[in-house]
Amino acid sequence: MKAYHKIKSFSFILFALFLTVSCTKDFQEENTNPALVSEELVAPEFLLSGVQYGIKGGMSAADVGNYCGMTVRVDNAPFVDHFDDGAWNATYTSYCNNLAAIIRKTQDDPEMVNKKAIARIMKVWIYSQMTDIYGDIPYFEANKSPEEAIASPKYDLQKDIYQDFFKELKEAAAELDLSKASYDDADFYYGGDVTKWKKFANSLRLRLALHVRYADEQIAKDNVSDLSEADLITTREDDASIYTTDDIEANRNPAYNNIANGADPAERQDYVGHQLAGKALLDALIGSSPPTNPLDPRTKVIADTAVLNGATLNPPHALFGFRAQPLLGNVPVENKYPYGAGSTSLFSLFWYVPVIEQPVLRSSEVYFALAEAALVGLISGQDPNVYFKKGIEASITETQDLYNKGKEMMPNLLELVYGSGFDVNKFLDYKEMKQSEIDAFLASPVTMLTGSKEEQLEQIINQKIIALYPNELEGWTEWRRTGYPRVLVAENEQSTFHGVSPRRQHYPNNERLVNSHHFQEAVDRMGGTDDLLSRMWWDANTNAPHEHPGSVEWRATPWK
Amino acid sequence: MKRKFFFKSALFICTLFIYLIPLSAQEITVSGTVNNGDDGSPLEGVTITVLETSKHTTTDAKGKYIISVPHGKARISFSYTGYNLQTLEVNNRSVIDVALVASSKQLTDVTVTALGITKQKRTIGYSTQELPKKDLTNARDVNVANYLTGKIAGVQVSLSAGGVGGSSKVIIRGISSLTGENQPLYVVDGIPLDNTKYNEGQVYTDGRDFGDGISNINPQDIESINVLKGPNATALYGSRGANGVIVITTKSGKAGKGIAVEVNSNVTVDKLNLFPKLQNKYMTGYEDMNLYGDVVTIDGVNYETIPDWHFESMGPAMKGQLYVNPFVFDPNAPPTTFAMEPQPENNVRDFFEDGLVTNNSIAASGGNEKASARLSVNNTTIKGIIPNHKENQQSITLRAAANITSKLSIEGKINYIHKKSDNPPGLGVFSSNNVVRDLAAMGRYVPMPFLKEYYEKTGEAGSWPAISVNPYYLVNENKNSADRDRIIGFVSAKYQFASWLSLMARTGIDQYTETRRSRRPVGFPDATSGRLVDETYFTKETNSDVLLTATKNNLKNLTASLSVGAAISKRSYRQQGWEGLDFKVPGIYDISNARQVTPYYSLVEREIQSVYASGEIGYKNYLFLNITGRNDWSSTLGENNYSFFYPSVGGSFVFTDAFNLHSKILTYGKLRASYALAGNDGDAYLTQSGYYLGTTPFNGQSLAYQSNTIALFNLKNELKKSIELGTDLRFFGDRAGLDVTVYKSNTKNQIVPISISTASGYTTKIVNAGNIENKGIEIALQATPVQLRNGLRWDISFNYARNYSKVIELAPGIETFFLNETSQVAQIEARTGERFGNIVGYRYRRAPDGQIIVNDDGSYAREDTLSILGNVTPKWTGGLNNTFSYKGFSLNFLIDFVQGNQINSDTKYRMVANGTGKFTEQYREHSEPLPGVVEVKDADGHVTGYEPNAKLVDGQTAWSYRAWGQVSEEFILDGSFVMLREVVLDYTFQPTFLHKTPFKSVKVALVGRNLWYIEEHMQGLGISPETNLNTSAKATGVEVFSMPTTRSYGINLNFTF
């Protein structure tokens, strides 16, 4: 028994020894990820920069698809049934999560009021793109802190979301205070300029008010009537834009990277050839029938003639006429380019320069919005024609900037794409918008609103589409709510869209799996299917001219 | 030699004579030395049991023992792992020296259990299985883990997708953790080995298999491998042992005559076995005919170009048609024509070369009573089957032991390994680095010699339709290398307070630095502006433990032992490096040449502290009770949940001894039972949320992003509960044995990152939830049906294991957990109430009579709802091993079985979609309709009947639509196979032959491995049923352009002097 006593005491000593040696007090430090910054320590500036850098000028065409005919992708599938869920995921898990964190951090600090207000405005802008893509989306229960996060948030009604947008924009604009600190250089849009942010909030409210005017005119009126020109983005200086930089690949214009990474000119031309200038955009620039008016000088900056790389550098603008038609589904290529793949107008190389403006919201859009508001009586006592012309002029200035900024980078780019034998000066000279051309265009009837109200609206929207480019999401929204521009869509045997452009995007597949209950609730509100042709709340214009050249019958919601 | 032997024998006989004179005492003391019958070296730890009294002892380091036996007719037995049991009549001798003969049997008497404690097998209440010793003698596979294939019941070893030199995936008793580690813990000489794999292949991202940790161990250094299967066996290894433990003991120096030198040399040639079978009839294109090419006029004749966006081989039959030649060096030269002709049948297969593996080791060992040491040096070279893949590993091991005083002994080992890997194959389905994908999906009209010539002349990839990247360029210019320097070592000291009480203290280290370099030239598909990655992985693991052991054998009818210990284990994984993109000057692979540089750094540290105890009480050497308990404190858990405790209890009952049932038929019978819990901690950093900073600034501003994971602040440990029952029976002396185990385990409270709605703001939430149940049976049978006096002997061993994994529960509100979320073919999931690892996808839509329904366009229809199409876990696995020996010859062949599992084949998907598979030669050119029926509908669109399908289709409709339309059923393959895994013919030269030479032993073996699928169900596709994308649980059953499997033929030479 003595032996066992010994064992006992030994093990006791050992155990005691261990307990004194061991301690778990280092554990927390060991289990702390050195790369992770806590919410207390992360600066609002970092979070805002992260959002603006990530989203740039807004959801890209790759996120939303090209449904209004601005661009046509040569890969034969302009209307892809399932886009990747990049826009959805980035909005929720990155952009709006960052913005929600800024709002949480700055909530109770009066000195931080501008940082909070700008985050609130940004959040409305980003969420508005989301709901315009999908319809009802998780909003009030989304983007909580990790502690309070709701794993399967409910889908809110688009109307409720829009009402909150207007409330947020009004409150945030009112909060902005010139005497308090702002983001400064961390804000890539405005350098923290509080006055400009106020104009942005108001201009965004104007945009969103027009979105809803067919669904609820009163809401639209309430949010437009209190705005005057002075509250809005009306000059080039007020424009919200972000510019890519030429330091590293990730910061450059992605379109440029595609070219620059091509092995030889043939491969680079191939990349350029993959984005065709869409019929809707070119029709707006040129007119759908043989043109009699002077050429809109923006056309040659925006697009190239069909045979640029051949003999004709200074052609009659009829050569822009072979326009790519957006077609549904997998169709033989010859249906898509009736004159052969090489006959189509491409976007000009000015869209491929490494440093390019990525517009968020510009004065041209604001003027066209005011023109529409004046036209339909949302504001009174104003001449829509004046705004319409100002809008065109603003767009010409923007296009002029595209040319001027791109000009310096063009020699390199042309050599990359067309090799060394290309006559750069001749090209730049042809592309330059001469003042005489601008004057001639501005004097032409195209820049004057004429005809019935509806015809005038079509003129406004067609010009707005040009000014909006490359904002294809906003272009799609304009098409959905007004029916303009008249997009040519064709039917093919596999099409499930019956010859019409989609009116919304499918919810991400993952939602069906991990948020099935709320997903189903939202789908049930659309009539039971997550349908591309269902109309969202604001998409309520029953008079839109759906007799497109493709002859498509009107279908009511829900689609059956 | 001969003289020595004669002298020894004479001495032995004299001794016998002397002790034949009867003595009159009641009890006598017998002593002696136990030696290895092969080389005469002393054996330590041999158990000597007096059969009449059950009294037992073990030999010391010099092989010496002393035991008292009753006077009169007494028998003593000598048992030792890996050697034949020997029983002798004492006949009143006081000195009995014994030479034990190595056995080839698996059911030996002692075994190395947890913490390196050697136990008599009869005392333990759970199942362990030792790798037969002779399987270790011929080094035949570079990776030690592959030795286990087919040999141990319940252990499944899968080959890696990376081919020779790659990692092995070992699963014991099924998958039990959804996302955690499912591989067993490797313990070498009592010290856990780091087996981390960095950046293995994934479905969509680039990855490469640079080999796992276990592949660094020199097979020639291994003395024994023992597999502890369940948590019952492994409770004492703590959380990392929850999936089983593979206990490896390396060789040590033996006290003996001078220095013994052992040389082992092995050369193996790897020959390509299976490669996807490709069609050789149809060119690139679509819809049988349309090329949509441009028209070019050559000598007044118009020819079509082949458009560069062609990736499918769904064009017309190749009949010498003329096109504009795309295979030219100068695109600006006047165009020429190209005749569309079938290329040689094996043009793609011939891309592969023969692999060559050499493995040379030399070891010297020696020692005396005070000290012993063993030094070994090993060099392994691998030349892979794709051009430019080569690896080289050197290892030096010194192991030494010394008795400082009669009470204090110390021991230590240091093992240095250097491994250099160049260009192991890239993995994954969409990785432009995977040359197998490249080759199997490439257009069938492509002249391979041109691609080779083009690369050799220009150093460039070139660009042609239906080729993702020139494979010659890929393997030569996309370079990836790794350099690993590793040190594994330990020191331990043991103090023997008394014969019954000892204290052992030990500390071990496993540390390696691996430098990897990866470069992509400018223009490479996934890094068009050029890419360079330099990164270093620092991996370090230290383990220190103390163990106090007391044993008491001299109690009345009772034996008892108790071990109490404590351990600290620290692991750290540091990765740092940079990625450089956007080269200023093509062809310069230095970070200064990159315009965009992203540095990165990550550090994971974790620590576990433990105390544990293990006790055993034996009654009359036939009834034993084992109890263990362990408490761990793990740094990766929540602040209030660091500590977790888990006990085990086991019992063993040798009923043949208890009831004295010894008969000629049943020699030995034991029943065992045990119940155990095993805890498991989680990965590091699951307990906090926060923000990540972007690595590259924009306009001079820093960017931050919220982490996408919702942490679980109160993270708790997983807990695996396991119960097992078993029996161990031996018949006809030692001629036959049967070991049967049934078990059930439940792994609860799993640490699972569940996918949540991204609208929450996060993608993933960490939860503690779930319950996965594994039930199974394992049978190991061994027998010696023939053992003749002339030396002819036939040994047979067979093992069988059946495991059923079921998902009892997942997290609340979560019905399914996807194991592979990214396959194009189908998803593999864990769904509540279902078998773990179901493959879920779309079936063909069928008429009530089972015929497939054909769409209006002539293609096959699929259902709209998901169905279970199979399961990735096998229903049963097993192995059959036969050895015939005669004189010095021995012929061994091993067949292993895996049955009842399905494979999700992305390779077949690509072969169908692209029309490169041989089988896609059917239904082309509108020649015949797909077999099936079409629906007959009434005016309202209701189906009223079916009629045979008559619609003629093109190849694209017949084949590509199955892939594009996601008819998953088409791509699920039956993974069952029976393989002739190993054939070894060896010859051991007889001592009589060697006595005039300096050699003590010489053995030559011819070895064949992975020789022949006796049975497989891969539809003749040329895909191996065996490979996995990577070694994680989620990659089980995912086949994604794996490296083709090889047959290996080798020769092994082993001699000692």
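This is a predicted model: local features need pLDDT of at least 70, side-chain atom pairs count only at pLDDT 80 or more; totals for chains, interfaces and linings use all residues.
Trainee: Which residues of helix α17 (residues 424-431) of chain A are buried?

Mentor: They are A:F427, A:L428, A:Y430 and A:K431. Buried means under 20% relative accessible area, exposed over 50%, and partly exposed in between, with a 1.4 Å probe and protein chains only.

Trainee: What do the buried residues of α17(A) pack against?

Mentor: They pack against α13 (298-302) and α16 (384-418) of chain A. Contact means heavy atoms within 4.5 Å.

Trainee: What makes A:D423 a cap of α17(A)?

Mentor: A side-chain oxygen of A:D423 lies 3.3 Å from the backbone nitrogen of A:N425. The cap sits at the N-terminal end of the helix.

Trainee: Now chain B. Why is the pair B:R374 and B:D221 called a salt bridge?

Mentor: The rule asks for a side-chain nitrogen of Lys or Arg within 4 Å of a carboxyl oxygen of Asp or Glu. Here the closest N and O atoms are 3.0 Å apart. B:R374 lies in strand β24 (residues 371-383) and B:D221 in the loop between β15 (207-208) and β16 (222-228), so the pair ties together parts 153 residues apart in sequence.

Trainee: Are those two buried or exposed?

Mentor: B:R374 has 6% relative accessibility, so it counts as buried. B:D221 has 4%, so it is buried too.

Trainee: What is the N to O distance between B:R531 and B:E579?

Mentor: It is 2.7 Å, and the side chains meet in a salt bridge. B:R531 is in strand β30 and B:E579 in strand β31 (residues 558-583) of chain B, so parts 48 residues apart are tied together.

Trainee: How many salt bridges are there over all chains?

Mentor: The count comes to 78. In chain A, a network of them links A:K116, A:R120, A:D164, A:K167, A:E168, A:E171 and A:E175.

Trainee: Why is B:L623 called partly exposed?

Mentor: Its relative accessibility is 37%, so it counts as partly exposed. B:L623 lies in strand β33 of chain B.

Key. Residues are numbered from 1 along each chain as its sequence is written. Chains are lettered from A and ligands numbered from 1 in the order in which they are written. Side-chain values use heavy atoms; hydrogens and water are left out. Helices (H or I, at least four residues) and strands (E, at least two) are DSSP runs, numbered from the N terminus. A polar contact is a pair of N or O atoms within 3.5 Å; within protein, one must be able to donate a hydrogen and the other to accept it, and residues adjacent in sequence count only if both atoms are side-chain atoms.
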